[in-house]
Amino acid sequence: MKIKLFLLSLTVGAGLTSSAQSPALVDYVNTLQGTNSKHELTRGNTYPTTALPFAMHTWTPQTGRNGDGWKYQYFKDKIRGFQQAHQCSSWTRDYAVFSFMPMSGKLVVNENDREARFSHANEIAKPNYYKVKFDNELTTEIAPSERGAHLRFTYPKGKQSFLVLDGYTGISGIKIYPKENKITGYVHNGEGFKEGFKNFFVIQFDQPFKSWGTWENKNNTINADSTIAEGLGKGAYLEFKAGTVVQVKVASSYISMDQAALNLERELGKDNTLEKTKAKAAEIWNASLGKVMVEGGTAADKATFYSCFFRASLFSRKFYELDRKGNPYYFSPYDSKIHTGYMFTDTGFWDTFRAQFPLNTIMHPEMHGRYMQALLDAQQQCGWLPSWSFPSEAGSMIGNHAISLLADAWTKGIRTFDPAEALKAYLHESTNKGPWGPANGRDGWKEYFQLGYVPYPKYREATAKTLEYAYDDFCAWQLAKSTGNDFYAGIFERQMYNYKNVYDPSTRFMRGRGEDGKWTPNFDPTEWGGPYTEGNAWHWQWSVFQDIKGLSQLMGGEKNFTAKLDSVFSEPNKVNTGSYGGMIHEMTEMVMANMGQYAHGNQPIQHMVYLYNYGGQPWKSQYYARKVMHNLYDATENGYPGDEDQGQTSSWYVLSALGFYSVTPGTDQYVLGSPLFNKITINLENGKKFIIEAPANSAENVYIQSATLNGKAYTADFIRHTDLINGGVLKLEMGNKPAVGRGLAEADKPFSLSK
Ligand code: CA
């Protein structure tokens, strides 16, 4: 690990972009972070995403078979294509994909036979630029735009030069225009891709075609000289002058072929070389990553920070396009109609409500405001609020967390939507079960309403559902209360304490509970699954984001509460596989992390290290926040402790490195931990700056001794969103010993419903 980080620090600033900044922020990013993943063990489940921030389409090399969710695995040594990708997670697989594969000497269309060997030494993987030279000397480069990319293929001298366009796993259509050096077409593939929903593309080449034809990728039959094909897995192939260099501009649209052509003209039309597209992409990334400037820390810390910030800046995707006048409009994945306005897709709220969206409220409030209105528009088109949009609503995982985003946005001053409309949509969501997926509407809503909890085993993962529903109800109450919607406030106020109904005082754990009120027998807190989602009782104990104080009181007070937090780390990292019947990757990752029952590789426990602040031991939050950053993250292919999950696990790191975390989205507070750098400047969209100064900060000096905010003594264990957004300076005196007297007053503790 140390050697790799050292090598990485050498490549930083090695002239990967022509920017005068030294090094440019984009050069700190390693897009291979987290790519050394497989089904049974995840180090991120990422792919080397070559894209602009929150862009509609991304690009990646492909080492896996067409349709495989593990599209690029670091340990593999052969590439079979370069694809346009949109994937959220290896577990959901991709949609709207097509790919290119260059080859020399001989035309080979079969995806298995055309694979070319490469080594990572001949690969550059940056957000604005991907380059790989195969062992056969053929070089591919990619530079992204928002809805397209510039590619360049450099063929070895003296050999026949071919390019294959692969139509991937579904229906596709292809038309070759030999006189115009152009191909147009569409693909329709992927599970989230509804009827009538096509990804149209236009591909413009800067070299004439020597020969051409179409093919299909099931039987790999070739139709030489043909210029048109439509059907399952139809593609094209081209031959260029031997040993040439070919630049390719490609752009796509979900609206129409005309719009794809407009996207190409607007984003890539003037830039006739890949260098220009690459430089433009570097500029956009440097501006986006430059929203946070850090000083101090090691080169490895900076690489990890900016690599995580990059991953935190990809989801949700912009799903809208701009018409000729520049007005936004989109093809709705919900009702398959064209609408004006903004739309965003590709995120699972179960993961991302926790930190990724709260981070966006700080870094991208304008975009976030557009998104909030788009959420309500999606509800109108779909009949349900999105919970897992990919690109339409999948209803995966648990909870109704759209309300968390909406309440959080409102609390933080975003006024782009009608709160009454949001509450109406949420009431419908929380008192109905939709036709698909457990998080499409509310699974077990009737019993939750009547009993105050979701009974187990009548409903799977029932205790996890109860806990998250109660938090969501808090968010609705919060939004209703602050906007004078008393009718809704009354309903949800009654339910936001429902977490108490699944707490068993005899074992002091959140447990499964039957309709008869009896606890599920044979309790083992290390047992995964059953009433819990992807975790056990140790992980789900803490999912009371809205009322940690109330939780602490249930557990017998602060002493018991913090002792139990300690136990999470001191318990053996033993796994009872429970209802999963075998090790799932999240279990293996917890064992590997070797931090007891602390399972940072999955979402339920990710806020836990910050909870010591509520129990009178803030220094332990400072200690563990730094320890998790240090032990479980780096910028390498093994850089995450589990699934990255649409920016969530990265956003945990970004916020933690700033020195705070969003324990309770829906409130205006971020709970303090320990910042990673000596000085951090947040450049806000409103032109103001918020600066976190910690001059004595180091790997040893992780403890906050005292603090000032804008020059005044600051004793709180949290920072308010308003204080961030108004700009200012939070100055932290750091030391190597806990300041056991700081931040203990009731008024210094972060938000809880209970007093
Ligand atoms: Ca996860």
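This is a predicted model: local features need pLDDT of at least 70, side-chain atom pairs count only at pLDDT 80 or more; totals for chains, interfaces and linings use all residues.
Take tryptophan 70 and tryptophan 91: their ring centres sit 4.9 Å apart with 90 degrees between the planes, an edge-to-face pair. Tryptophan 70 belongs to the loop between strand 1 (58-62) and strand 2 (78-79), while tryptophan 91 belongs to the loop between strand 3 (81-85) and strand 4 (98-104), so this contact ties together parts that are 21 residues apart in sequence. As for accessibility, tryptophan 70 comes out at 12% and counts as buried, because the cut-off for buried is under 20% relative accessible area. Tryptophan 91, with a relative accessible area of 34%, is partly exposed.

Then there is the pair of phenylalanine 205 and phenylalanine 240, whose planes meet at 45 degrees with the ring centres 5.9 Å apart, so this one is tilted. Here the link is between distant parts of the chain, with phenylalanine 205 in strand 12 (residues 199-205) and phenylalanine 240 in strand 16 (residues 234-240), 35 residues apart. Both phenylalanine 205 and phenylalanine 240 are buried.

Tyrosine 129 has lysine 278 over its face, at 3.9 Å from the ring centre. Over the face of tyrosine 186 lies lysine 198, and the distance to the ring centre is 4.3 Å.

Next comes the metal site. A calcium ion is held by Asn602 through OD1, Gln603 through OE1 and Asp645 through OD, at 2.3 to 2.4 Å. Written as a sequence pattern, the spacing of these donor residues is N-Q-x41-D. Asparagine 602 sits in the loop between helix 17 (585-593) and helix 18 (618-632), and aspartate 645 in the loop between helix 18 and helix 19 (648-658), so the two tie together parts that are 43 residues apart in sequence. Asparagine 602 and aspartate 645 are both buried.

The model has six cavities of 30 Å³ or more, and the largest cavity holds about 160 Å³ of space. Its lining is made up of 19 residues, with Asn45, Thr46, Cys88, Phe315 and Glu644 nearest the centre. Sorted by class, the lining of this largest cavity contains nine polar, five nonpolar and five charged residues.

How values were computed
Residues are numbered from 1 along each chain as its sequence is written. Side-chain values use heavy atoms; hydrogens and water are left out. Donors are N, O and S atoms within 2.8 Å of the metal (3.2 Å for Na, K and Ca); water is not among the atoms, so sites may look incomplete. Helices (H or I, at least four residues) and strands (E, at least two) are DSSP runs, numbered from the N terminus. Buried means under 20% relative accessible area, exposed over 50%, partly exposed in between (1.4 Å probe, protein chains only). On a 1 Å grid over the protein atoms alone, a cavity is a set of points where a 1.4 Å probe fits but cannot get out, and a pocket is an open set with protein on both sides within 12 Å along at least five of seven lines; lining residues have an atom within 4 Å of a point. Grid points are joined across faces, edges and corners, and a volume is the space filled by probe spheres set on the points. Ala, Val, Leu, Ile, Met, Phe, Trp, Tyr, Cys and Pro count as nonpolar, Asp, Glu, Lys and Arg as charged, and the others, Gly among them, as polar. Rings of Phe, Tyr and Trp (its six-membered ring) pair if their centres lie within 6.5 Å; planes under 30 degrees apart count as stacked, over 60 as edge-to-face and the rest as tilted. A charge sits over a ring if NZ of Lys or CZ of Arg is within 6 Å of the ring centre and within 35 degrees of the ring normal.
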